[in-house]
Every structure is written in C-alpha cells, then in structure tokens.
Amino acid sequence: MKAKLIVEGKEFPIEIQDPELQKLLTPQKTGYERADAGQKYWLQDMSGNVCWATESIYFTENNEDYNSANYYSDETVARNNARADALMRQLRRFAVEHRKSEIDWHDESQCKYYIYNETNTTNLDIDYCHITRYFGGIYFDTAEAAQLAIDTFRDELIWYFTEYKDSL
C-alpha cells in the first residue's frame, strides 16, 4: 500500500508492507456509508421490510432517508436493524397492553421492571429500577408482565442479546 509520511511538514512517499498497519490505515466500513451515485443502498419501507433503492446523481433526492438514519450501505446491517427495530416496537406495545397501572417516573417507590441479559449467555432475566430511566428502555409495571414478554419473545430476545450487530 502506498502512503504519505509527513514529517515536519514535508511529505515522503512510502510503501507499507505490514498487513496490520495497512488494516489500521484503511477506513473501516460501518454499513451506514453513503452510496456512490448509481449504487444500491438499503432502507426499511413503511411496513418494516428491507428494500433497496439506487443513489441518485443528485444526492439531495435521498437526503430524507439518509438524514433519518434509514439508509444503509450494507444489506445485512439493514436487515439486522429492521429486525431489532421490530422487536423493540413489539415489546413496547406488549408492555403497554399488559399494564395494570401507569408507570410513574416521579414515584420513587414504584418498581419499573425491565429485561436484561448476562453477556455471552442465553440467560434472560428481569430486574427493576425506581428512578433510573435508560434511553430506549422498555419498562413493565410488574415482574409477571416482564416474564410473559420473555416467554412470548424468547427467541427474538436471545437473537438480539447474543447475535445482533448494528454495524459491520
């Protein structure tokens, strides 16, 4: 790999042979890069299905997809995120539909239950908090409702906690 070494403002062309160094110097793809004009990118349609579109020569035509983070340069990342997004929506609805009482974040005595996973295992468990609210968290008003969610969505939850990757 050819590169430039800059020392005290002077450029020197060099050849890098070390594969580890080459790997460090090569920009890593994430799955969120903007496609070149005429190339495919992936997005979720209104039903949550993954489809592809072609990047226009006028990049502003696809700005809505790109700016809303519904734009992927890698189909696998798009499919993983669509699946994870669907699970989050399903769990959020499930939590609301199975509530016996409203969750009150100002009530420090009320337990707010959530599902968690012990890393590198398929163990799903329930814990609770009183006042700490995590961004994106889904909370249940009872441990029983959280357990029912685990029973209902077990396979998808295990996939999410053990296999899901949000980037390349």
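**Helix α3 and its surroundings**

In helix α3, the buried residues are Val77, Ala78, Asn80, Asn81, Ala82, Ala84, Leu87, Leu91, Phe94 and Ala95. The model described here is a predicted one. The buried residues of α3 pack against β3, against β4 (residues 50-54) and against α4 (residues 143-162).

At the start of the helix, a side-chain oxygen of Asp74 comes to within 3.0 Å of the backbone nitrogen of Thr76.

Gln44 is located in strand β3, which covers residues 40-44. Its relative accessible area is 12%, and because buried means under 20%, Gln44 is classed as buried. A polar contact of 2.9 Å links the side chain of Gln44 to the side chain of Asp85. When neighbours within four places in sequence are left aside, Gln44 is in contact with Asn49, Asn70, Tyr72, Asn81, Ala82 and Asp85. Among these partners of Gln44, Asn81 and Ala82 also belong to the buried residues of α3.

A nonpolar patch on the surface is formed by Met1, Leu21, Leu24 and Leu25, which together have about 380 Å² of accessible area. Of these, Met1 lies in the segment before β1 (residues 2-7). Met1 has a relative accessibility of 34% and therefore counts as partly exposed, whereas Gln44 is buried.

Note on methods
Residues numbered from 1 in each chain as written. Predicted model: local features only at pLDDT ≥ 70, side-chain atom pairs only at ≥ 80, totals over all residues. Heavy atoms only, no water. Helix = DSSP H or I, 4+ residues; strand = E, 2+ residues; numbered from the N terminus. Buried < 20%, exposed > 50% of the residue type's maximum accessible area, 1.4 Å probe, protein only. Polar contact = N/O pair within 3.5 Å; in protein donor to acceptor, adjacent residues only side chain to side chain. Contact = heavy atoms within 4.5 Å. Patch = residues over 30% accessible without salt bridge, like charges linked within 9 Å, V, L, I, M, F, W, Y side chains within 5 Å. Areas by Shrake-Rupley, 256 points an atom, 1.4 Å probe, with all protein chains shown as cover. Salt bridge = Lys/Arg side-chain N within 4 Å of Asp/Glu carboxyl O.
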